[in-house]
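Subject: Structure handover

Hello,

Here is the structure for you to look at. My notes follow below it.

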Amino acid sequence: YVPALFAGKVANCPVILYRHRSLPLKPPTRWLVRRWAKLVLAVSRQVAETLLNKDLIPTEKVHILYLGVDSKKFKWNPSDSKSLYRFRATLDAENSHLVVSVGNLYPLKGHSTLLLALHQLRQQGKEIVVAIAGEGPDRPRLERLIKDLGLQGKAHLLGYREDIPLLLQACDCFVLLSEDEALPGAIIEAVVVGKPI
């Protein structure tokens, strides 16, 4: 937010911020937002309450703009069956339960917890494959964890993907273990597809 606010100040143009997290802003950011932001859009009521009650952003600046999902993109199409089979085959998950998680590779997204759970379940003899769609700075640590736990071929870091509807249609279960999410779009998408979460 800080670079955007400074850029808006220098350019003398209004800045509208979009807040996804329910944690309070850091004090310097809070100070700048109160003075320089034109509006702060909150993704949920919980985020709006944090902005109003903990960050003390003026009421007239805080508005809620809920996330939406284009349900047409996630509608099941029988012609996708071959693509779903090919995707599962590339993960060697034809005869396993496929668990998908979607989220940037940041520590707070909880991907390492998912990998530790996968390790425990596989030790119990469960045939489970995990696919994580997303990219970010936590990739090297997650790659090491996959190697250390012996999960090569059973845990896949897919990187940035444009075909999230396909991944959700192909999976047996969706998992999101974030430590801080206000209204995650990935959960809404999994709901639209009708997957267990």
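Four strands form an open sheet in the order β6-β5-β4-β7, with parallel pairing. Strands here are DSSP runs of E with at least two residues, helices are runs of H or I with at least four, and both are numbered from the N terminus. Two strands count as paired if DSSP finds at least two bridges between them. The edges are β6 and β7 (173-174). Each has a single partner strand, so one side of each lacks a neighbour in the sheet.

Before going on, the ground rules. This is a predicted model, in which local features need pLDDT of at least 70 and side-chain atom pairs count only at pLDDT 80 or more, while totals for chains, interfaces and linings use all residues. Residues are numbered from 1 along each chain as its sequence is written, and side-chain values use heavy atoms, with hydrogens and water left out.

β4 and β5 run parallel and are joined by six bridges. S101 lies in β4. Its bridge partner in β5 is I132. S101 has a relative accessible area of 2%, so it is buried. (Buried means under 20% relative accessible area, exposed over 50%, and partly exposed in between, with a 1.4 Å probe and protein chains only.) What does S101 touch, not counting residues up to four places away in sequence? The list is H111, L114, A131, I132, A133, F174, V175 and L176. Contact means heavy atoms within 4.5 Å.

A131 has H156 as its bridge partner in β6. Is β6 (residues 155-159) enclosed or open? Five of its five residues are buried, so the strand is largely enclosed by the rest of the structure. Both faces are covered. A155, L157 and G159 are buried on one side, H156 and L158 on the other. In a regular strand, side chains alternate between the two faces of the sheet.

**The three-stranded sheet**

There is also an open sheet of three strands. Its order is β1-β2-β3, with parallel pairing. β1 (16-19) and β3 (62-64) stand at the edges with a single partner strand each, so one side of each has no neighbour in the sheet. The twist averages 25° from one strand to the next. β2 (residues 39-42) pairs with β3 in the parallel sense over three bridges. A42 stands opposite I64 in β3.

**Helices α1 and α2**

How do α1 (residues 2-11) and α2 (residues 27-36) cross? Their axes come within 10 Å and cross at roughly 35°. Axes are lines fitted to C-alpha atoms, for helices over the stretch in contact, and angles run from 0 to 180 degrees between N-to-C directions. The crossing of α1 past α2 is left-handed. That term applies if the near helix is turned anticlockwise from the far one by less than a right angle; clockwise is right-handed.

From α1, the residues V2, L5, F6 and K9 meet T29, L32, V33 and W36 of α2. Six residues of this contact are nonpolar, one is polar and one is charged. (Nonpolar covers Ala, Val, Leu, Ile, Met, Phe, Trp, Tyr, Cys and Pro; charged covers Asp, Glu, Lys and Arg; the others, Gly among them, are polar.)

The count of aromatic pairs comes to one. It is F6 with W36, edge-to-face, at 5.0 Å centre to centre and 85° between the planes. (Rings of Phe, Tyr and Trp, the last by its six-membered ring, pair if their centres lie within 6.5 Å; planes under 30 degrees apart are stacked, over 60 edge-to-face, the rest tilted.) The pair links distant parts of the chain, 30 residues apart. F6 is partly exposed at 41% relative accessibility. W36 is partly exposed too, at 24%.

L56 is not a glycine, yet has a positive phi of about 55°. L56 sits in the loop between α3 (45-53) and β3, and is exposed at 54% relative accessibility. D92, also not a glycine, has a positive phi of about 55°. The loop between α4 (81-90) and β4 (97-102) holds D92, which is partly exposed at 48%.

Last, Y85 in helix α4. Y85 is exposed, at 54% relative accessibility. Y85 and A170 are 85 residues apart in sequence and 7.7 Å apart in space, C-alpha to C-alpha.

Best wishes
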